[in-house]
Amino acid sequence: MATVIGVRFRNAGKLYYFDPGQWWPTAGDAVIVETVRGMEFGEVVTGVKEVSDDAITPPLKKVIRVATAEDAQHQAENRAREKDAMAQCLKKITEHKLQMKLVGCEYTFDNSKLLFYFTSDKRVDFRALVKDLASLFHTRIELRQIGVRDEAKMMGGLGLCGRPVCCGAFLGDFQPVSIKMAKEQNLSLNPTKISGVCGRLMCCLKYEEDHYEATRRRMPRIGRDVVTPDGVGTVVDLNILKETVRVRIPKGDSYEQKDYPLESVQRTQNGQRSAEKKPETAEAEQLPDGAVAETDEESLKEFALDEGISEEEARAEIEEIAQDEPEEMIDVEDEGEE
C-alpha cells in the first residue's frame, strides 16, 4: 500500500497520484508538484489516502509544497501569457503555410517549457516553426498533435442534449465506444444523431451500456417461445428500460401482441426458437464491435434519404464515426529550444 493524494491539472483532466510527503493537503487545496514536464500547479481532488501498489505507476513523485498566494498569482499570469502565445503561434503557422489547426497552448508552472496542441489530418514538418517559436519565447518549445476527442475536450462546447460536453465537464479518461452500443440501445444509426461535436460516437453511449447488457442477459431472446399468463407465445420485442417483453400469442386464426413484465414471463423448458418466421424486429446476430454490418437497412436508407446521398456513402459515414483513435496525446516530431 502507498499513501497518495489525487491531483488534477486542468478541469476534467486525468487524475494523477503523488506522494504527499510531509504535506497533508485536503481536497480543494492547490499544490506544487514535480512531474516529468517539471514543476506544475495542480488542484487536490482526493485527500490523503492509501491505494494498492497496482494503482500507481512508479516512481511516485512528491508534492513540493502547498501552493501559496504568490504561486496562485504566478499561475494566473501564465494563463494570461498563454493567450498572447496563441496569437503569436497562429501568426507563425500562417507564415510557414502549415496545414495544422492550433487548439491550445500551455506554460509549465516554472516557465521551463511552452506546449502547443494542434490537430492535423496528416503528418506536419514543423521543425522551422519550432525554431522560430523558441527564438520568440526564449524557452523550450514542444508541439503535440492530438485527436479530435482531445480537441473537443480542450475547446468545450454544447452537446446534442444542450448541456456542456461530458469530456470537458467531468470525464477524466475516454472510454472506448462502438456502434454496437447504439444498436444495443435501439438508437437510430444516423451519424448526425449519435455523434458528438468531435464527429465521433458520443461518449454517453457508454453510460448505460452495462445496464443494457446485464438486463438483456436476464431477458429471453427475440424469436424464442415463452410462457405468459395468457399462454405460450413468441417474443417479438424487448424494452430494456421498462424491463418488459412483447409477446405474440395465437388467438384463433390471428395473433395478439401484448407487453408483459419480465417477472411474469418464463422460458419454455426446451428453450427452442419458434418455428415461425423470425419477425423483422428479431435480434441481429452479434458482430464485432464497430461492425457496420450491424446497421439495419431501414436506418441506413432513412439516413441516406435525409442527407440526399447514396446508401454506400451513408455506410461510409457510419464507418467514419465508429472509428476509434488513441485517446492519449501524441508527441510529434522533436522539440526545439533556444
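**Close-up 1. R37, E40 and E106 are joined up in a network of salt bridges.** A salt bridge here is a side-chain nitrogen of Lys or Arg within 4 Å of a carboxyl oxygen of Asp or Glu. The structure has 13 salt bridges. What you're looking at is a predicted model, where local features need pLDDT of at least 70, side-chain atom pairs count only at pLDDT 80 or more, and totals for chains, interfaces and linings use all residues. Residues are numbered from 1 along each chain as its sequence is written, and side-chain values use heavy atoms, with hydrogens and water left out.

**Close-up 2. E82 sits in helix α1, residues 69-96.** Helices (H or I, at least four residues) and strands (E, at least two) are DSSP runs, numbered from the N terminus. E82 has 9% relative accessibility, so it counts as buried; buried means under 20% relative accessible area, exposed over 50%, and partly exposed in between, using a 1.4 Å probe and protein chains only. Setting aside its neighbours within four places in sequence, E82 is in contact with C105, E106 and Y107. Contact means heavy atoms within 4.5 Å.

**Close-up 3. R65 and D71 meet through their side chains in a salt bridge.** The N to O distance is 2.9 Å. R65 is partly exposed at 26% relative accessible area, while D71 is buried at 7%.

**Close-up 4. K101 pairs with E151 in a salt bridge.** Their closest N and O atoms are 2.6 Å apart. K101 belongs to strand β6 (residues 101-107) and E151 to helix α3 (residues 148-155), so this pair ties together parts that are 50 residues apart in sequence. K101 is partly exposed, with 46% relative accessibility, whereas E151 is buried, with 12%.

**Close-up 5. D259 and R246 form a salt bridge between their side chains.** Here the N to O distance is 2.8 Å. Since D259 is in strand β12 (residues 254-261) and R246 in strand β11 (residues 244-251), the pair ties together parts that are 13 residues apart in sequence. D259 is partly exposed at 44% relative accessible area, and R246 is partly exposed at 33%.

**Close-up 6. E311, E312, E313 and E317 gather in a patch of negative charge on the surface.** Patches are made of residues with over 30% relative accessible area and no salt bridge, with like charges joined within 9 Å and nonpolar side chains (Val, Leu, Ile, Met, Phe, Trp, Tyr) within 5 Å. E317 lies in helix α9, residues 311-322, and is partly exposed, with a relative accessible area of 33%.

Key
Accessible areas come from the Shrake-Rupley method with a 1.4 Å probe; for residues, only the protein chains shown count as cover. Lys and Arg count as positive and Asp and Glu as negative; His and the chain ends are not counted. The place of a charge is taken as NZ of Lys, CZ of Arg, CG of Asp or CD of Glu.
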